[in-house]
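Please consult the sequence and structure shown below.

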Amino acid sequence: MEYEYNYDVGGGLFAGVMIVMWLIGIVFAVLTIVGLWKTFRKAGLPGWAAIVPFYNEYNVVKMSNRPLWFFWAMLAGSLLAWIPFLGWLLVLGIFVLWVFIALDVAANFGQGTGFAILLIIGVPFVLGLWCAHRFPNWT
């Protein structure tokens, strides 16, 4: 009796796609950090705050001139989002708070709703790069 084994599972394409997605994620993360860094520097906040996980959200809330409970509500929602049904409601609540914050940050930088929409969909590096061009001497 002779047995033949084949361990080929055909994972080459999947691995390639995952590597490309990982690299795209790294590029977006770096662009986001650069944008937040420049934005914080232009707003008179420390640039290194862009790489500290919850401190950067605190600074964004501070830039929007919203009350501090916005930050605490977003922090609590982020930490409790793993709870099955409550998590969905908390994520929805965080999104609503983020809409208000993005509208206020855009208004504080003299921009309108279209710019806030870019912030809402997660393009904060646009704000940083725009701030670097628009306000070169503003600190």
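In which loop is serine 64 found? Serine 64 lies in the loop between α2 (55-63) and α3 (69-79); helices are DSSP runs of H or I with at least four residues, numbered from the N terminus. The model is predicted, so that local features need pLDDT of at least 70 and side-chain atom pairs count only at pLDDT 80 or more, while totals for chains, interfaces and linings use all residues. Residues are numbered from 1 along each chain as its sequence is written, and side-chain values use heavy atoms, with hydrogens and water left out.

Phenylalanine 70 is placed in helix α3. The table lists the burial of both residues; buried means under 20% relative accessible area (1.4 Å probe, protein chains only).

| Residue | Relative accessible area | Class |
|---|---|---|
| Serine 64 | 3% | buried |
| Phenylalanine 70 | 5% | buried |

Contact means heavy atoms within 4.5 Å. Leaving aside neighbours within four places in sequence, serine 64 contacts Ile101, Asp104, Val105 and Asn108. With residues up to four places away likewise not counted, phenylalanine 70 touches Val61, Leu97, Phe100 and Ile101. Phenylalanine 70 and isoleucine 101 are 31 residues apart in sequence, and their C-alpha atoms are 8.7 Å apart.

The axes of α3 and helix α4 (residues 84-108) come within 9 Å and cross at roughly 150°; axes are lines fitted to C-alpha atoms over the stretch in contact, with angles from 0 to 180 degrees between N-to-C directions. Helix α3 is therefore roughly antiparallel to α4, a term for angles over 145 degrees.

Notes
Helices (H or I, at least four residues) and strands (E, at least two) are DSSP runs, numbered from the N terminus. Buried means under 20% relative accessible area, exposed over 50%, partly exposed in between (1.4 Å probe, protein chains only). Angles under 35 degrees count as roughly parallel, over 145 as roughly antiparallel, 65 to 115 as roughly perpendicular and the rest as oblique.
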